[in-house]
Amino acid sequence: MAKIGCAFGEDHRQPTKVEFQLKLRQSKPIYDAFKAIRGSPDWENLNDARKRVVQLKLKEAVLYGVSLEDSKRERFNEIEQELEKLAQRFEENILDATKNFEKVIKDKKEIEGLPSTTLAIAAEMAISKGYEKATADNGPWVITLDGPIYRSVLQHACNRSLREEVYRAYVTRASDGPLNNTPIIEHILELRLEKAKLLGHSNYAEFSFETKMATTDRAKDLIDKLHNASWSPAIQDMEDLRDFARGQGAEEANDLNHWDINFWSERLRESKYDLNEEELRPFFSLPKVMDGLFNLTKKLFDIDIEPADGMAPVWNKDVSFYKVKDSSTTPIAYFYFDPYTRPSEKRSGAWMDVVVGRSSVLSSDNNCPRLPIAQIVCNQTPPTGDKPSLMTIREVEAVFHEFGHALQHMLTKQDEGLVSGNQGIEWDAVEIPSLFMENWCYQRDTILAIAKHYENGETLPEDKCLRILSARTFRAGSQLLRQLRYAGVDLELHSSYVPGGPESIYDVDQKIGKKTHPIPLLPKDRFLCSFSHIFADKYAAGYYSYQWAEVLSADAFSAFEEAGLDNDQSLKEMGYKFRETILALGGGKSPNEVFLEFRGREPTPDAFLRYNGLLPTVAA
């Protein structure tokens, strides 16, 4: 996820920052200047990128209230300031609520099933809480809601009551007491609706889609199509899970609940594919994964990446700095990599941030453009003792995903800073390169290149590699429906929902949940209180963008399949084409034009459905 967010503790600077941004975007002289360029006889002589800059800046000015009367513009600005404060409070409440949950466990029977990696983290957490003699083998252990521990408990803890306690705590984070995000959500939705109406829109979704490839109807149509393709497979997934749990003699088999799904899914996956995620970790050490990723990008895009520690200051000892060079060994970009979880000071998830973008205007010597710098932030399981960070395949995916965002930022050839990298790209197209890179995680050659045992360098056995590839579509219908819940509730809250009306935000979530979850949501499910994407980030009325971009990215990847994944020359040629279009053009052309230039046709969802096992494989 490309994510640009404020750091915690910057309250005193935020109002000034927002005020400056509003003054800039509402500047009448700048707006009039762009209008003059648009209406001048020289307009047709401008290149595509400069035309896009003018068109985007005119649209941006209107969307930020440049045309409003003074009193309405003043109210618009008040709303913007308040929304910024609310977003920051929302995120801080989640962080604090996550930190507030701690469960100390001293009886080893209670944590049966948890892998050694998780026990080591839980023991280290216990040490930090004053249990100086805590060890991974003998405890005590402190269970938290931090991502790696939370996910591991739900997947591996045999203790059903522990899974239930942790799950309930997680889906109710920041939903009561002084950290309750419910009134913040209500206020955010009220202000967004008021803001949209000030600008002449009937709802916030209509306003939001001004900067998207899709329209509200096209987005809803995509959600419906994907729902139709995934509902029956998801129902079958649940039946398979119940049958398997019964076969294992599980008491809960006939009454599986949300805290059982991941646990029994993992057991079924292990049985069906003979894969144990924890046993695979030693083959996916972070250093080897990064080496493989860098080699892949060299093969596809003809770039070299090398460490450049010491060239730039870092904010933590675990942060690394890298240089990106083209085939002539000329530096073209740089990036920071901050890989490990730090629960007390770092929000969960993974993201790519822009440090600086490519720009000729901001060049230091007026000859060469300023080079782009990115930062890639993840929350990997940190090294423990003499072990490097050992990853699950999902964590490998996350690194490839964020690196895809970084590649678009770093390999841009746009010298106009306002449309370089991912700047100026319609929001629902931003995820195309990141999701495209995820597809490479599930190619045999990629896996065998990165999967080297951290102790002896042994390559992952071929049969296990093939089982990983087969397991890719495991419960794909269920996973897709989960995403469609988020997309559906987001669109509903920003298009049809009436703040302060008879229907609550949780009523909306429950209504959508009935269509996307074979097991009903818990009545007290308060996931919305931690839905940062739409309440503290840029995805409001835009979460569907993930599915939209998945369709386009899968279609793009299928072009490499058609070229021949085992044909290095064809891959190089297709990689060059992808680099010169999707990665290089940035926001200098509309995403529709860029995709057409790369693919030669409009996108279809066939490849996406096929990769997820939701469409019969077409015989070669």
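This is a predicted model: local features need pLDDT of at least 70, side-chain atom pairs count only at pLDDT 80 or more; totals for chains, interfaces and linings use all residues.
Two strands count as paired if DSSP finds at least two bridges between them.

Strand 5 covers residues 331–340, and it has a partner in strand 7, residues 373–380. These two run in the parallel sense, joined over 6 bridges. To find the pairing on your screen, look for tyrosine 334, which stands opposite isoleucine 373 in strand 7.

Strand 5 also pairs with strand 4, residues 320–325, here in the antiparallel sense and again over 6 bridges. Lysine 325 faces proline 331 across this pairing. Strands 4 and 5 make a hairpin, with 5 residues between them.

How enclosed is strand 5 by the rest of the structure? Buried means under 20% relative accessible area, and 9 of the 10 residues of strand 5 are buried, so the strand is largely enclosed.

Helix 14, residues 393–410, is next. From its first C-alpha to its last, this 18-residue helix reaches 25 Å, close to the 26 Å expected at 1.5 Å a residue. Helix 14 is largely enclosed by the rest of the structure too, because 16 of its 18 residues are buried.

Phenylalanine 20 counts as exposed because its relative accessibility is 55%, and the cut-off for exposed is over 50%. Together with Leu24 and Ile30, Phe20 makes a nonpolar surface patch of about 290 Å².

How values were computed:
Residues are numbered from 1 along each chain as its sequence is written. Side-chain values use heavy atoms; hydrogens and water are left out. Patches are made of residues with over 30% relative accessible area and no salt bridge: like charges are joined within 9 Å, nonpolar side chains (Val, Leu, Ile, Met, Phe, Trp, Tyr) within 5 Å. Accessible areas come from the Shrake-Rupley method with a 1.4 Å probe; for residues, only the protein chains shown count as cover. A salt bridge is a side-chain nitrogen of Lys or Arg within 4 Å of a carboxyl oxygen of Asp or Glu. Buried means under 20% relative accessible area, exposed over 50%, partly exposed in between (1.4 Å probe, protein chains only). Helices (H or I, at least four residues) and strands (E, at least two) are DSSP runs, numbered from the N terminus. The expected span of a helix is 1.5 Å times one less than its number of residues.
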